[in-house]
Amino acid sequence: MMKIKLLAALVALGLTPLPTYSHDEPNTASIDVVLATQYEKGMDIEGYWASEKLDGIRALWTGEKLITRTGHTIYAPDWFTGPLPDHKIDGELWAGRGGFQQVAKTVLDSQPNDELWKKIRFMAFDLPSSAGMFPKRYYELSTIVKKLDHPHLKLVEHYPISNEDSLLEALDDISARNGEGVMLRKVSEVYRPGRSDDLIKVKKHQDNEAIVIGYTDGKGKFRGMVGAMILRMPNGKEFKVGSGLSIEVRENPPKLGSTVTYRYNGYTDNGIPRFARYVAVRNNY
């Protein structure tokens, strides 16, 4: 049924199945990618397709190498990148739901570990150099992924979504399976780098960043390690985060002054994040 809907949408838009790429620009690294805005209740989403929001690290294949969206080179093994095409692919390096720490540990290492990289997938969701609106780019991308048949290159499945009820149903389903959320991509636009409502993220929880200013000592089974990190928000308020800290992080916590991402569910009456839990150091990529 989902494939039928996608094909129907392609036909309705008068799209051809023949891939067309712009080879006018040099094959060099670029950090010009589409960036998402946050979903707000009541937004008109009739002209969007939905996909699962992956909790990984955004990566752009330049045609020669993988880079992060901040322009840093990702040192992937040759067997991982060798089969990839000579044009750009926008995607996410992913190790499954709840696997962000695994991804960060693996792909941000300048000395790639083959065994760890075997657990990583490059989840492709767009073709920056391809002409046309998203359904056409998506069709071309699906053709490329199928033709390459590379076990570590996968297509992020997209499907039409027309109303908020359907969106919230999809969000509930993904969240129930420990997923990150939903991405909405506008079908009527060419690939336009920058932050706009061409790409919208929808999550049940919220993410934010804060600075590490201190630590508390661990107790019990965490004796001799960090019990919690003390974080300072941009508005100057401070709070502790102990949830989400792995043994590895407790033994080697982010340095003082590091910017870290934490996840939370709203605020207390005092303006402190509720149910805050550590995600990762974010200023490395």
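1. For the lining classes used below, Ala, Val, Leu, Ile, Met, Phe, Trp, Tyr, Cys and Pro count as nonpolar, Asp, Glu, Lys and Arg as charged, and the others, Gly among them, as polar. The model is predicted: local features need pLDDT of at least 70, side-chain atom pairs count only at pLDDT 80 or more, and totals for chains, interfaces and linings use all residues. Residues are numbered from 1 along each chain as its sequence is written, and side-chain values use heavy atoms, with hydrogens and water left out.

2. The lining of the largest pocket has 16 charged, 11 nonpolar and 10 polar residues. A pocket is an open set of points on a 1 Å grid over the protein atoms alone, where a 1.4 Å probe fits, with protein on both sides within 12 Å along at least five of seven lines; lining residues have an atom within 4 Å of a point.

3. Of the 37 lining residues of the largest pocket, Lys 53, Arg 69, Lys 201, Lys 203 and Arg 282 lie nearest its centre. Strands (E, DSSP runs of at least two residues; helices, H or I, at least four) are numbered from the N terminus. Those that each supply at least two residues of this lining include E1 (34-38), E11 (194-202) and E12 (206-217). Because domain 1 (34-202) and domain 2 (206-281) both give residues to the lining, the largest pocket lies between them; the domain bounds come from an automatic or database domain assignment.

4. There are 8 aromatic pairs, with rings of Phe, Tyr and Trp (its six-membered ring) pairing if their centres lie within 6.5 Å; planes under 30 degrees apart count as stacked, over 60 as edge-to-face and the rest as tilted. Trp 49 and Tyr 138 form an edge-to-face pair, 6.0 Å centre to centre with 80° between the planes. Trp 49 lies in strand E2 (residues 48-53) and Tyr 138 in helix H5 (residues 134-148), so the pair ties together parts 89 residues apart in sequence.

5. Accessibility is classed as buried (under 20% relative accessible area), exposed (over 50%) or partly exposed in between, with a 1.4 Å probe and protein chains only. Trp 49, at 4%, is buried, and Tyr 138, at 7%, is buried. Trp 79 and Phe 80 also form an edge-to-face pair, at 5.9 Å and 65°; Trp 79 is partly exposed at 32%, whereas Phe 80 is buried at 1%.

6. Phe 239, Tyr 262, Tyr 264 and Tyr 267 are linked into a cluster by ring pairs.
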